[in-house]
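Visitor: I would like to go through this model term by term, and to hear what stands behind each label.

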Amino acid sequence: MKRSGLGALLAAALATLALSATAARAEWLKAESERFIVYSEGNERSLRDYVQKLETFDRVMRYRSGFPMSEAPARKLPIYLVNSRSGLLRVHLATAKHVVGTYFPTSEDIFAVAIRGENDEVLLHEYVHHFMLGSMPAAYPGWFVEGFAEYYMTADIDGGRIQVGGYSENRAYWLVNGDWIPLEMLLRSRPGDITRSSYRETYYPVAWLLTHWFFSDPARLQQLGAYLTAVSEGADPVEAMETATGMTMGELRSALRRYLNQRSLVVRVITGDFPPAEMTVTRLPRSANDLLLINQRLKIGVEDEDRAALGQEVASIAARHGDDPLALLAAGHAGMHFGDRPAGERALQRLIELEPDNVEALQFLAQERLRQARDVEEPAERIALKRQARDYLSQAYAAAENDYRTLMLVGELRSGEPSYPNENDLLTLGLAFDRAPQLAEVRLAYASALIATEDKETALALLAPLANNPHGGGAADYAARIIAALKNGDALPSPDSEVTSEDETPPEPEDDPESPPAPANE
């Protein structure tokens, strides 16, 4: 009897522990507002507060940039808030130790992931980049792109009172104690071009200080406008700066030192009636605990040596959730890209049986038909496969006409046809660009079509922001070569493999300065 009673107590204790572990496991929530879709493992109240802050921040950016505050982007930005570094690694295995958030513009999604409550400045910095590429089409120099983001990322939002222009303690440390990057190098370089470590550490801080100095005075703001116009028209960045400010580089450096040392930097306080953001919050199914983040990892690209193992892992996890839509989508996605293509096909076909308007499933099936069409030699078979791709894309477009990926795939379907690019092709690529101007692949495809129709001026305007993108990588270099060829009347360069690769290598986060050393008493 004692053993039986002990067994019952042990069983009850184990059951309680199991229930506690299940209850302790965070469930995913999804909040959708006018401009954002935010997924979070936290509680609903904190999620609503976070989305409200983002909506207010966006409105402040629009107000300060001269845009209507009521204007909403064509596409909402998805953001994934995770509890810890392990969540970041679930999305991107190569995430560096000091990184607390990353922005991923990829052909399959444009999204951000960040540790909730760790450092909002990082996510706001990346959102400013997203905002600039979407709303400010000029070809800004790299230092100003970073300085602009640094200026706004410290925004202090407290209801209807917003303060912009505050400083980051990290940046202030390096400005006071670091070896300043020469202004000539700052003006002519992107962050990735800097090889000397001490200069890399002060690229962002000095870019912030120079931006702050310009923004602090109406006359200097006009000088900044003249400088940016001159640089966008091809002027040498250093000569344009000296002309705009009337200072040599040495004099400008001294002016920045004085501005920093006055210990009272100019901040702007904005007050107004910022209405509560309308949003809907829903609880995601249990499958999200296992598959939401790993499904995002599938979208950003995976190293060759990791693809087979990842495909098997996703298939195994998804199998535990049966006909759950997210599980079927993840299994189909992984199967098509990294694993068993027939199994991936079955999962996606099952998903559209359950959800005929599942846009992502239709897109993956269309993408697979286009891949198959490229690999066959028989013209009739190729035509049949392309017809199937067109049908899937027609369904996807009917379900969500604003989805940039559907429009991109329609462009891919048409590319190579004798009549390509016609007026409708340009319209399709233009719509894709309107919805995803942050994506290099969209700009390059649209610019290529414009060049083919002899609209070189519009193509140059599209390519210039990409060529100047501080984190554009190979795509930025390729855009710069196209611009040079167009201006010189040369033959267009061939794209690099890294620009055209179907499964891109995951993007690297910004090369942020290391944190300053901790005080001795910490």
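**Terms and values**

Guide: Among contacts in the protein chain (heavy atoms within 4.5 Å) between residues at least 6 apart in sequence, 65% join residues at least 24 apart. The model is predicted, so local features need pLDDT of at least 70 and side-chain atom pairs count only at pLDDT 80 or more, while totals for chains, interfaces and linings use all residues. Residues are numbered from 1 along each chain as its sequence is written, and side-chain values use heavy atoms, with hydrogens and water left out.

Visitor: Why is Gly472 called buried?

Guide: Buried means under 20% relative accessible area, with a 1.4 Å probe and protein chains only; Gly472 has a value of 14% and is therefore buried. Its place is in the loop between helix H21 (456–467) and helix H22 (473–488), helices being DSSP runs of H or I with at least four residues. The C-alpha atom of Gly472 is separated by 7.7 Å from that of Ala440, 32 residues apart along the chain.

Visitor: What makes a set of residues a nonpolar core?

Guide: The set must consist of buried Ala, Val, Leu, Ile, Met, Phe, Trp, Tyr and Cys residues joined through side-chain atoms within 4.5 Å. The largest such core has 106 residues, and Trp143, Leu210 and Tyr227 have the most contacts inside it. Helix H8 (residues 197–215) gives the most to this core, with eleven residues.

Visitor: Which residues does Trp143 touch?

Guide: Not counting residues up to four places away in sequence, Trp143 touches, among others, Leu186, Tyr203, Phe214 and Met241.

Methods: Helix = DSSP H or I, 4+ residues; strand = E, 2+ residues; numbered from the N terminus. Buried < 20%, exposed > 50% of the residue type's maximum accessible area, 1.4 Å probe, protein only.
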